[in-house]
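Look over the sequence and the fold, then read on.

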Amino acid sequence: MTVLPTALDTESPEYAARRAALLEKLAALDAEHAKALAGGGEKYVARHRGRGKLLARERVELLVDPDTPFLELSPLAAWGSEYPVGASMVTGIGVVEGVECLITANDPTVRGGATNPWGLRKALRANDIALANRLPVVTMVESGGADLPSQKEIFIPGGQVFRDLTRLSAAGVPTVAVVLGNSTAGGAYIPGMSDHVIMVKERSKVFLGGPPLVKMATGEESDDESLGGAEMHARTSGLADHFAVDELDAIRQARRVVARLNHRKAHRDPDPAFVEPPKYDPEELLGIVPEDLRTPFDPREVIARIVDGSDFDEFKPLYGTSLTTGWATLHGYPVGILANAQGVLFGEESQKAAQFVQLANQRDIPLLFLHNTTGYMVGKEYEQGGIIKHGAMMINAVSNSKVPHLSVLMGASYGAGHYGMCGRAYDPRFLFAWPSAKSAVMGPQQLAGVLSIVMRQSAAAKGQPYDEEGDKALRALVEQQIEAESLPMFLSGRLYDDGVIDPRDTRTVLGICLSAIHTAPFEGVRGGFGVFRM
Ligand code: COA
């Protein structure tokens, strides 16, 4: 055993300051999560309940096995936009009859559960996760369809929701639709494209066009029940496979459907009896990342608090020391970890990373990227030393690696360092951020400074005097803007991560993700990388 030692002094003022700063950020995060939980607000929640209906999260809670966790994804979707936080839908991973499923539920208290542009992205992201990890999809439908005022943003790309459902089915990933209310127009294709459909007596409304539209189109008089009620679909059209007498019955039947899917995981789960918790208290994860991200911290302190038994076998510890690489298990699953130690990535770090990624692929071991990087080193010495080709080597390895990747943004994730460390565009199976994280093309001061130099040069080239006062004001403004745009809530709102998590939950969240990942078969790439520029 190679148990990591710790140098974290929990009595020190630095620790206390770091912890206090993170707790403050967590309180702000909780306030935003509370907005998602509140859905459409008191009035609409009361009206919904008054109709004898359950809220979206209550439906999810009844669907999953008792006392099992639900890992909610993208809860901050739409943050900072004109749409309510959460984007009128709930998505996440939960266990139903012992089967890990990707569960989605419309929130009918938010504008009738209509899908807005961010809700669409959230739904598509959930489908990606289901397909990559072969998780059965259970969709709890009650939606006013497209959010009509923003239809131009959703109508055309929104077709992908239905395409995804049938492609999941074609890939052998089961899909179950539980229709608890309105599912009209395009929404009718959710049950239409699903493998299994459950509808609720006098609640489900599934038709391409409601009574007013039918009257307009053909002059025919009709009503909701005869056009698209559960009785009609269960007895006449055959669109409903299961007829439920009420919501609870529908959820019970959904659990029975999942129980009969015969959906088996590709990998055996590790026996929890043999999984050791970390030797150090995860509570201490709050006191590691400095508020000023320019101050480095040792990522081994983080690793020691998330991996089994704090046991970590470091690879090349004496070479490229600004990147820590090594092997561990997390909830019994083997992982290769790449963690930034000093912020900057140099040529040695990049080559070490490329080699490490190759090794993980040879051994079929998933990779965990722990971000705290300001990017690749710039300057004459480094350019001449080939920093571009070394960085390219790392990015090539990460891009073409076929083992599943997980990313956690702990601190900085700037520039091409974000790419090399498997940022969003590099398709990690899951990506989470801590409230202490920041991500952007570069730091706010650097960006404002670069912009100022460019403008100064441009003025000089035109022979114009440079407005120094204006420059100062502009720099301050740009700094402020870039800072705001690099914060986790902003990025999470845009679906650039799968959620902002409490650092203390990192091990649990990664454990759920690793378990989900092991539902699908995977194999590392053997030699199938692009040309490594040496
Ligand atoms: N786009 C934008 N806003 C919508 C919407 C949609 N598709 N559906 C409902 N809303 C809004 C309503 O305008 C209302 O806003 P308000 O409270 O500020 O006035 C709010 O959401 C709640 O709607 P309401 O009709 O009061 O709720 P309900 O629970 O009684 O009925 C629906 C919900 C979905 C059955 C009903 O609103 C409806 O039929 N909507 C239109 C459905 C449709 O034809 N969609 C197009 C399909 S592509």
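Contact means heavy atoms within 4.5 Å. This is a predicted model: local features need pLDDT of at least 70, side-chain atom pairs count only at pLDDT 80 or more, and totals for chains, interfaces and linings use all residues. Residues are numbered from 1 along each chain as its sequence is written, and side-chain values use heavy atoms, with hydrogens and water left out.

**Lys122 and helix α4**

- Lys122 sits in helix α4 (residues 117-133); helices (H or I, at least four residues) and strands (E, at least two) are DSSP runs, numbered from the N terminus.
- Lys122 is buried but has no salt bridge. Buried means under 20% relative accessible area, exposed over 50%, and partly exposed in between (1.4 Å probe, protein chains only).
- A salt bridge is a side-chain nitrogen of Lys or Arg within 4 Å of a carboxyl oxygen of Asp or Glu.
- The nearest side chain of opposite charge to Lys122 is Glu72, 4.7 Å away. Lys and Arg count as positive, Asp and Glu as negative; His and the chain ends are not counted.
- Leaving aside neighbours within four places in sequence, the contacts of Lys122 include Leu73, Pro75, Met89 and Leu495.

**Salt bridges**

- The structure holds 35 salt bridges.
- One of them joins the side chains of Arg125 and Asp498 (2.7 Å, N to O). Arg125 lies in helix α4 and Asp498 in the loop between α18 (488-493) and α19 (506-517), so the pair ties together parts 373 residues apart in sequence.
- Arg125 and Asp498 are both buried.
- Lys472 and Glu469 also form a salt bridge, with their closest N and O atoms 3.8 Å apart. Both are exposed, and both lie in helix α17 (residues 468-485).
- A network of salt bridges links Arg19, Glu283, Asp502 and Arg504.

**Helix α9**

- Ala230, Met232 and His233 are the buried residues of helix α9 (residues 230-237). They cover an arc of only 165° around the axis, which puts them on the same side of α9; the arc is that of the directions from the helix axis to the C-beta atoms.
- Their cover includes β6 (196-200), α8 (224-228) and β7 (242-244).
- Arg235 and Thr236 are exposed on the other side of α9.
- Arg235 meets Glu231 in a salt bridge (2.7 Å, N to O).
- Gly238 follows α9, with a positive phi near 80°.

**Glu97**

- Glu97 is in the loop between β2 (89-96) and β3 (99-106).
- Glu97 is in contact with residues including Asp65 and Arg255.
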